Amino acid sequence: MTTTVETTPGTATSGPGSSRPGAFTRIRRAIGGNTTLVNIVGLLVAIVLLYAYLTFNAVGFFTAANQSGLLRDAALIGVAATGMTLVIIAGEIDVSTGPAVALSSVVAASAISQWGLPTWLAIVLTLAIGTAWGSLAGILRARFAVPSFIATLGLWSVLRGLAQFVTNALPVQIPDSDPIMDALNGDVLGVPTPAIVMIVAFLVFGFIARKTPFGRSVFAVGGNAPAARLAGIGVRRVRVTLFAIMGFLGAVSGVLLTARLGSGNSTAANGLEFDVIAAVVVGGTAMTGGRGSLIGTFLGVIFITLIGNGLVLLGVNSFLQNVVRGVIIVLAVLLNVTLSRRRGAREDD
Amino acid sequence: MTTPPPPATRTAIAEVRGARKQYPGVLALDDVDFAIAPGEVRALLGQNGAGKSTLIRLLSGVERPDSGSVVIDGAPLTGGVTEAGRRGVATCYQELSLIRDVTVAENLSLGKWPTGAFGIDRRQMTRSARATLERLGADIDPDAVVGSLTLAQQQIVEIARAVQEEPKLLILDEPTSALATAEVDIVLGTVKRLSAEGVAVLYVSHRMDEIRQIADTATVMRNGRLIETVSIAGADTSRIIHLMLGEALEAAPAVRAARTTGEVLLRVEDLVVTPKLDGVTFEGRAGEVLGIAGLLGTGRTELLRAIAGHDRFRSGTVSVRGSVEHRPTPQRMRQLGVGMTPEDRKGTGIVPGLGIDENIVMSDWKRVSPGGVLATGRIRAATKALGQRLAIKADDLSRPINTLSGGNQQKAVIARWLHADSDVLLLDEPTRGVDVQAKAQIYDIMRQVADSGKLVVFVSSEAEELPLACDRVLVLRGGRIREEFRAPAITVPDVLAASMGAGAESGAAAEQTIPTDVDVHRVKDPS
């Protein structure tokens, strides 16, 4: 990361009509050669363009119902993406998110409608169980050195299987009028509750990442684990905590999903983990660890959600949608990597 | 001019004539003439930066001289490594280049697998590997996986791979540096056999006992020049050390006056770390800079890592202010007030993406996070003070640490332990790869830190910097502390002689002059 050579003072205004290299250089200068910021600005531009395009070209995009649905979709990805950002910054990965959400929704629904627990207790129980299996993955990683991809791949299979086994792959209905569940599926001042949960999660994890010893330890562990260890940081504890957080967030999403669907569903959130990972990576977090931001992930979530929503509204063939989405995600990351490499960021391998 | 070319009237197998090699800022080789004859075992000695590596790189075709020439078997070398290899120069570097997860035989036939009607002929592979190993007198199973062998055996396999090419000149760069004393004989035996077959061996090492066992002559380099080639039988160690150091350094007066020091902060008792350390015992006191000297591979790093809790040790204890630890972790040792800055700055020292400031405060977040929340103001204040105290050259301490020069990175890693207010600082080669000015600053910092009532343990492979910085120097050799020097009686020749295994500087048959190593009880052979 060499410092940019040109240091002439310039204002950050990027005139839409100005020549492209000039504007680009000026933006870069304004943000002081920070790769994360380059990424964020790029994503913001992409989101604005995408939003404008869909507003004018996709029938039913700019309606209250669709905007509210967009936010709910974003929340499903976003809540887990907050924790996933930290996990990936620490140089780890968690692929068990989809099944974790599904089993959590089954646990929550069963606890309410079959075990007769009060809703609040059912939720607490779900969160506790989610945290427990997350911790288990963390212990496998930290204590027994099972690579996190493998540990969570195992968990992925176990959780999905358990959810389908206990429900016979049938939805578990919850009672129609449950005030807590209704609130979780409702709106506050027109904003869907799940979206509020997501925003709170982003604020909390943004704070944790930047302002707490734990958050900075995550960066240190991901940047250079042996150095972090030698500096006296409890590397194992950091890792276990991260996966416990992922389990917890998966359970939160599961509860929200139950409220939204009115049932616990063992087949829900299929492939969610890939949307979550894609959002984090599109947001500029390096898979190699040590680098990333919650703001980037937030924009990544919006970006991924918009694409998903837009492709549906534009009437793209549903199989082809996956192709397009895949290509866009890879292109976004490619651009990101190319930009940081051109900026002289270190490339260790 | 340098001394006349060696007495080899036999035709030389490899020669370097009037070679000069300039690197940016350094004249690495200055008009060097060198020749080695078939069957000769030649030791190559010199301090860091003397030009040994450059000479090796020229001979093995890795680099070409700016002027002068390299002559192999009578004809000049014009190509690179491939040509040098084809014409009979093979080199084994310090770092092993074997693939650990496959067998010895496979390692020996990488890239030139014998093939039969049904793909690779594994039996043929094993047969030829066995033949090569037997030729070297090595008892190694060709079908064993390399990772399961001892380091000495792996070193032999490395040599075997070179020998397969039927070299006329074999260059061994510190081949025993990674080995425990008992294993060295295996490698030495192999060298003797090859020499008897007529292979010339250029052997870089500073272990005098080894050199005396196998080499006929020793070439000493200093500051890019070939100083002299002496016959081993005719030169005692003090003469060789004299040649390595030159007049100026040897005559350099001891600078440190004796000091009074405080309470015992660190006590290491009978520490055993396999395979390098075999019962290390010492103590360090408040207010002193304690140097640890020893040749490459004597276990200096292993010693510090064990004390810092980075690696487990097999037995022994580490005590800090009376708290006795049997299985410390870095976290535990930090709490006790012990911090280590590793030799491998990039690998285990800095966290590259993080700021300089965060790299400093990561040893103790609590100090800068009242109520569990990092306070930017406190971080800035703490790191700014340390940055000034250690003269870390950075306009903005929040910049990523990898934007700093090596010396400034090192200072930041030292600052890390000042931030944690550690009582014991373990510095492993803190001056490696830093410029002259930063070196001087680091000596000053060590002094300052010691004067503030702490203990600094300073590991260095450069004997000449120990007298500059230390109040006391311990010499590690053959797995133990062999000698101790106290200011004002710390001199470069003494430290070097003790490291190389030559007893006291006089070279006279003092207490422990050694045909084999002192570490007799671990050597199996009954001689």
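The following conversation goes through how several descriptions of this predicted two-chain model are reached.

Biologist: How confident is the predictor in the complex and in chain A?

Modeller: The complex is given an ipTM of 0.80 and a pTM of 0.82, and for chain A the mean pLDDT is 88, with 87% of the residues at 70 or more. Residues 1–21 of chain A have a pLDDT below 50, although the model has 20 contacts for this stretch beyond near neighbours in sequence. Residues 344–349 of chain A also stay under 50, with eight contacts beyond four places in sequence.

Biologist: What is the corresponding pLDDT picture for chain B?

Modeller: Chain B averages a pLDDT of 86, and 91% of its residues score at least 70. The pLDDT stays under 50 over residues 1–9 of chain B, for which the model has 13 contacts beyond four places in sequence, and likewise over residues 503–527 of chain B, where the model has 38 such contacts.

Biologist: Why are H3(A) and H11(A) called roughly antiparallel?

Modeller: The axes of helix H3 (residues 64–89) and helix H11 (residues 235–261) of chain A come within 8 Å and cross at roughly 175°. Angles over 145 degrees count as roughly antiparallel, and the two helices are therefore described in that way.

Biologist: Which residues meet where H3(A) and H11(A) are in contact?

Modeller: From H3(A) the residues include A:Arg72, A:Leu76, A:Val79 and A:Leu86, and from H11(A) they include A:Leu242, A:Ile245, A:Leu249 and A:Arg260. By class, the contact of H3(A) with H11(A) has 14 nonpolar, four polar and two charged residues. As for the setting of these helices, chain A has 14 helices and four strands, and of its 349 residues 48% count as buried.

Biologist: What makes E14 and E17 of chain B edge strands?

Modeller: The open sheet has four strands in the order E14-E13-E16-E17, with antiparallel pairing. Strand E14 (277–285) and strand E17 (323–325) each have a single partner strand, so one side of each is left without a neighbour in the sheet. The twist averages 15° from one strand to the next.

Biologist: How do you know that E13(B) and E16(B) are paired?

Modeller: Pairing requires at least two bridges between two strands, and strand E13 (residues 264–273) and strand E16 (residues 315–320) of chain B have five, in the antiparallel sense. Within this pairing, B:Glu269 has B:Thr317 in E16(B) as its bridge partner. Helix H9 (residues 300–307) of chain B lies across E13, E14 and E16, and runs at about 120° to E13(B).

Biologist: Why does B:Ser97 count as exposed?

Modeller: A residue is exposed if 12 or fewer other C-beta atoms lie within 10 Å of its own, and B:Ser97, with 10 such neighbours, therefore counts as exposed. B:Ser97 lies in the loop between strand E6 (89–92) and helix H3 (104–108) of chain B, and its C-alpha atom is separated by 9.7 Å from that of B:Gln154, which is 57 residues apart from it along the chain.

Biologist: What makes up the side of chain B that touches chain A?

Modeller: In the model, 27 residues of chain B are in contact with 21 residues of chain A. The elements that give two or more residues to this side of chain B are helix H10 (330–336) and helix H11 (345–349) of chain B, and by class the side has 13 nonpolar, eleven polar and three charged residues.

Definitions and conventions. Residues are numbered from 1 along each chain as its sequence is written. Chains are lettered from A and ligands numbered from 1 in the order in which they are written. This is a predicted model: local features need pLDDT of at least 70, side-chain atom pairs count only at pLDDT 80 or more; totals for chains, interfaces and linings use all residues. Axes are lines fitted to C-alpha atoms, for helices over the stretch in contact, and angles run from 0 to 180 degrees between N-to-C directions. Angles under 35 degrees count as roughly parallel, over 145 as roughly antiparallel, 65 to 115 as roughly perpendicular and the rest as oblique. Two residues are in contact if their C-beta atoms, placed from the backbone, lie within 7 Å. Ala, Val, Leu, Ile, Met, Phe, Trp, Tyr, Cys and Pro count as nonpolar, Asp, Glu, Lys and Arg as charged, and the others, Gly among them, as polar. pLDDT is the predictor's confidence in each residue, from 0 to 100. A residue is buried if 20 or more other C-beta atoms lie within 10 Å of its own, exposed if 12 or fewer, and partly exposed in between; C-beta atoms are placed from the backbone.
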